Amino acid sequence: MHDAARSDAPAGRGSSFARILVGLLLGLGALIVAYQFGMNMHASTGLPYWDDWGYFFGTAQGVQQPLTVHSIFAKDSDHVAPFFKLLTHGLWQAVGVDFLAFRLVGWLAFAAMLAAYALVLLRDCVRSAWDGVPVAAAGLFLTGTLNNEYFYYQHMGLAQPIFFTCLFLFLHTLARGRLVLATLFLLAFGSTGVFGASYALGAAGAGAVLALRRDGERDGRTLVAVGGGLLLTAAMLWMTFHGSYANHTGQPLVLPWHSGFWAFQLGAFATATGLPVEAVGAPLSLAAGAAALALCLIPAAGLLIGRAGRENRNAALAIAGLIAGAVIVTMTTALGRAGLCGEGIANAMRCGTIPRYAYPVLLAFPAAVAGWTLLAGRRTGVGAAAGVVLAAALAVGHGAGTDAFWRHWSVAGLNRMVAERDAAAERCVATYLHAIRKPAGSDSAGMDWSQPLVCPSTSPRNIAPFLQAAYDLKADFVQTILADAASRPERGMLATLLQAGRLDETSARLLLETAPRDAGLLGSLDRFTQLPSGSLAALGWAVDAAVPAPAAFVLLGVGDRIVATAPTGGARPDVAAVLKDGRMTDSGFALPVPQDLAGQQVRLFVLGHDGGLKELTPPGGVAATP
């Protein structure tokens, strides 16, 4: 701790004790991250999730869009940016189509981000070891699993920690006067799209204010921070919004004079404090978000205009830039995302609770605590006391509600979510692969990739083109699913049905060589609904009581043809409670309906593990309408 050694008070036993305490807090954080990493790697099977499909399989080179002059600055989605594209492309070539390896890289990047952040705050932004104690305590909340949900189960989670690491190393090297390294880190960090532009703007604004207060004095660090930040910000904001980010979701922009814009902003701040709208309701969550925003903005502004900032210029630049960036990046996200959850303040706040939107805010809190320690006074102990109060307030917020304070460091729930999601995704992908396999003796043996695939547990979009790319690349997760098929005979029956079987409309039975069983098959078509991707899906549940277990698959028929299929696997604790059998919990299904069948009469069937079939709809079928 470089600056800690320059405390206003003489170094002594108290300072040594504070250093030990800071070390213990940092060690505890490292142990938490290591434990979470080990448990996560154990739980995950390495299947792609959500944006992973489009990112890794969007083109042959494994990135969403080819590298062009325009893409040097403009992003193609929320996470993808030129520097990250190049880095991930290199990893892709090095590790192959191995998503567990990508998950490992993501966790290493996350650990590097935390280490770089601690380096900036504890070496460049605090005056004594005692001031570092509350800063390190506030940093512990960055290791909370529930706060890092986005990083925890999505391979794309390595994007944010990589560019934040570049940001923190830029600030550190700038403070140390290493201008060549600082410029390189600024360029790498700046190529991260809207997030990079927002933090560059925050740092540039802080640097500009500090530069104006120097009464004409300029140095290399001011030039790099202000000039570089402004240039990168102008280029990236223009080219990114000129590209696809401004409205790639198809939603109207939510502008600052709309209530939803500020509800999103305050919702993100409230979530970072541990008080999301779902837990405490809209009024309290709004108040908590407003208080957290004020507690961040006050030290940022105070350091720029006050004496403490003039005496600690590097700290003022880092702290004010980090806080301003957190505010700006949340505002930028609110422009295109605040309306995704529906109308009204509560819905906009729920959008702000998404981990990847709230996490940049959480990163601002340790910086805010460091800012308050500087503002509180020059005497050692006064600033530390103020920081302890703020860290304690953060702890109170995260301990509020019905759950225990320690829930943020619990991994059991997320491990269960990862395992269930992977199991459901495997069943869905396996069903599809069997369904599209052409007969071996046909003229065009292989796979019919023209059929769409939507696996709600994996992605709300059609992933068939991406799965085809993964299949052609012999991705590890595809090979595992194919190898597992031999132990699941019902999938072979399903493939036979889809390729050669027909339904007898009168008896609702499969026209196969062996008569199927229908006894013990239970289920219900609850409703048709519109998925986020815009496609239609049939929702319900199905069980095979003879096993007993959730049914193997559900089938969608029109006339005597089977036109779509899906496995069970959705959580239905209500069904398990009625049947008094916990083994039936994962009996829910979401069966995509082909677009050309919307509004037509369709029939829904449940397929048992031994090939039995039972219709869930009336004999004439039902209209496929929401």
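This is a predicted model: local features need pLDDT of at least 70, side-chain atom pairs count only at pLDDT 80 or more; totals for chains, interfaces and linings use all residues.
1. Some ground rules. Local features need pLDDT of at least 70 and side-chain atom pairs count only at pLDDT 80 or more, while totals for chains, interfaces and linings use all residues. Residues are numbered from 1 along each chain as its sequence is written, and side-chain values use heavy atoms, with hydrogens and water left out.

2. Start with helix H7 (residues 159–175) and helix H15 (residues 313–337), which pack at an angle of about 160° with their axes 10 Å apart. That makes H7 roughly antiparallel to H15 (the word is used for angles over 145 degrees, on a scale from 0 to 180 degrees between N-to-C directions). Helices here are DSSP runs of H or I with at least four residues, strands are E runs of at least two, and both are numbered from the N terminus.

3. Now look at who touches whom. From H7 come Leu167, Phe168, Leu171, Leu174 and Ala175, and they meet Asn314, Leu317, Ala318 and Leu322 of H15 (contact means heavy atoms within 4.5 Å). Sorted by type, the residues of this contact are eight nonpolar, one polar and no charged.

4. Phe168 turns up again in a ring pair. Its partner is Tyr117, and the two are stacked, 4.4 Å centre to centre with 10° between the planes (rings pair if their centres lie within 6.5 Å; planes under 30 degrees apart are stacked, over 60 edge-to-face, the rest tilted). Tyr117 sits in helix H4 (residues 99–124) and Phe168 in H7, 51 residues apart, so this pair links distant parts of the chain. Are these two buried or exposed? Tyr117 is buried at 3% relative accessibility, and Phe168 is buried at 1% (buried means under 20% relative accessible area, exposed over 50%, partly exposed in between, with a 1.4 Å probe and protein chains only).

5. How many aromatic pairs does a search of the whole structure find? It finds eight. One of them joins Phe17 and Trp130, with centres 6.0 Å apart and planes at 45°, so it counts as tilted. Phe17 is in helix H1 (residues 13–43) and Trp130 in helix H5 (residues 129–139), 113 residues apart. Phe17 is partly exposed at 48%, and so is Trp130 at 30%. Elsewhere, ring pairs link Phe37, Trp107 and Phe110 into a cluster.

6. Last, a loop residue. Asp581 lies between helix H23 (573–579) and strand E8 (588–593), yet Asp581 is buried, at 16% relative accessible area. Leaving out residues up to four places away in sequence, Asp581 touches Pro548 and Ala576.

Note on methods:
Angles under 35 degrees count as roughly parallel, over 145 as roughly antiparallel, 65 to 115 as roughly perpendicular and the rest as oblique. Ala, Val, Leu, Ile, Met, Phe, Trp, Tyr, Cys and Pro count as nonpolar, Asp, Glu, Lys and Arg as charged, and the others, Gly among them, as polar.
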